[in-house]
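The entries follow in the order in which I went through them.

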Amino acid sequence: MATDLSQLVKAYDVRGVVPDQWDESLAELFGAAFVEVTGASAIVIGHDMRPSSPGLSRAFARGAAAQGVDVTEIGLCSTDQLYYASGALDLPGAMFTASHNPAQYNGIKMCRAGAAPVGQDTGLAQIRELVEGWTDSGAPAPAARTGTITRRDTLEDYAAHLRSLVDLTSVRPLKVVVDAGNGMGGHTVPTVFAGLPLTLVPMYFELDGTFPNHEANPLDPANIVDLQKRVREESADLGIAFDGDADRCFVVDENGNPVSPSAITALVASRELAKHGGKGTIIHNLITSWSVPEVVKENGGTPVRTRVGHSFIKAEMAKSGAIFGGEHSAHYYFKDFWNADTGMLAALHVLAALGGQDGPLSGLVAQYDRYAGSGEINSTVADQSGRLAAIKATYEAQEGVELDELDGLTITTPDWWFNVRPSNTEPLLRLNAEARDEATMAKVRDEVLGIIRA
């Protein structure tokens, strides 16, 4: 029976439990397959702080070098630092991380030169087919010349590049609490923030891929409780939490209250548009708040709505020449960063915006946070398509309702909207709802959940 890696190779990356689902021998095959599909003569590789990451990363490097490809290892890094290296060195790249997943997981995020994404439709399916074939028939024959494996430190260059994109030199002094969640933010933040007018209060900066304090997923409210408390205790101006591989950032205000990623998207969009003379395309996925396209238009820009997921955002960024893109999941994409996502650059924008005026963060973001949102609510269902059909049947005949199926099912009225999307990997339906006031949002949310969970 042929090997099946469908549970390991996801829509956007490779991710699974080590060693149950994959190990260093399989990582070596992924290295060989990656260079064959990309046609690369040289690649760059980085890894996070998980216990299995150094070994998996080095195995991938061996597999690539055996095919005659020269490998640059940048060692411990955040995912956006790997994207920086891919862009600055103009090389395909591979990052070993499982982001916010528990310690027993690991994975590979891959990109072509210039940080262009590798997903199911852009090479990942071919990589999977090659690895499956070699798992059954044996590894590919080595090239006549084995490639070199060399080390290179890119942290200082990465930090300098980010600081060149956001001017923080003239901002007022700020006190910021940063929760790195024992992830790669603990590695990158001290260098990126060095020399800036910031008083840094670090939390959980010790690199520890077993995540002893809390999961490194700041979108789960349980994982920012420590940050919220510390911000209030320190009378800080704001708090910032990073996920495990530090490509996403989540912000809390001076009172410890979460700032929605949609508000951050709108804030950064307004700054990027100002930088580009009040013109430019801004990408937002269909889960972001109504506030985002409103703010974009008010600042002279053109909003473009896309499906959820970084491959869709990055593809639309490249197609439209967009200057910035944001998602409800706290992924932020910048044209000036090879269209790749970087939570660190978004964080610098927030610091610059806050420090460039005298008011508190809560007051600054209020103009970007105009509606009542439910956040993402997951429900386990046996029949995703059946529940979606039931929701559609309930709402499609109602007066004043607009319906679209760009990504799951979106129902929109003048006063509220909701989207229900099936998970690609689990038997879940994901609900996001928004309305002009809290009571209406709660009513719509509960009605739809009643259908989903019937």
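Entry 1, Trp338. I found Trp338 in the loop between strand S16 (332–334) and helix H11 (residues 343–355). Helices (H or I, at least four residues) and strands (E, at least two) are DSSP runs, numbered from the N terminus. The model is a predicted one, in which local features need pLDDT of at least 70 and side-chain atom pairs count only at pLDDT 80 or more, while totals for chains, interfaces and linings use all residues. Residues are numbered from 1 along each chain as its sequence is written, and side-chain values use heavy atoms, with hydrogens and water left out. Trp338 has a positive phi of about 60 degrees although it is not a glycine. I read its relative accessible area as 26%, so Trp338 is partly exposed (buried means under 20%, exposed over 50%, partly exposed in between; 1.4 Å probe, protein chains only).

Tyr204 lies in the loop between strand S9 (198–203) and helix H7 (225–234). A cis peptide bond joins Val18 and Pro19, with omega about 0 degrees. Pro19 sits in the loop between strand S1 (14–17) and helix H1 (24–38). I wrote these down because most residues other than glycine have a negative phi, and most peptide bonds are trans.

Which residues point each way from strand S11? Cys249 and Val251 point one way from S11 (residues 249–252), Phe250 and Val252 the other way, and all are buried. In a regular strand the side chains alternate between the two faces of the sheet. S11 pairs with strand S10 (residues 238–242) in the antiparallel sense over four bridges; two strands pair if DSSP finds at least two bridges between them. S11 also pairs with strand S12 (residues 258–259), antiparallel over two bridges. Val251 stands opposite Ile240, and in S12 its bridge partner is Val259. I checked both hairpins. The one from S10 and S11 has six residues between the strands, and Ala246 in the turn has a positive phi of about 60 degrees. The one from S11 and S12 has five residues between the strands, and Gly256 in the turn has a positive phi of about 85 degrees.

I located His328 in the loop between strand S15 (324–326) and S16. His328 counts as buried because its relative accessibility is 15%. The side chains of His328 and Glu376 are joined by a polar contact of 3.2 Å (a pair of N or O atoms within 3.5 Å; within protein, one must be able to donate a hydrogen and the other to accept it, and residues adjacent in sequence count only if both atoms are side-chain atoms). Not counting residues up to four places away in sequence, His328 touches several residues, including Leu219, Pro261, Asn285 and Asn432; contact means heavy atoms within 4.5 Å.

In H9 (residues 291–298) I listed Ser291, Val292, Pro293, Val295 and Val296 as buried. The buried residues of H9 pack against helix H8 (261–275), strand S13 (281–285) and strand S14 (302–306). Just after H9, Gly300 takes a positive phi of about 90 degrees.

Note on methods:
Axes fitted to C-alpha atoms, helices over the stretch in contact; angles between N-to-C directions.
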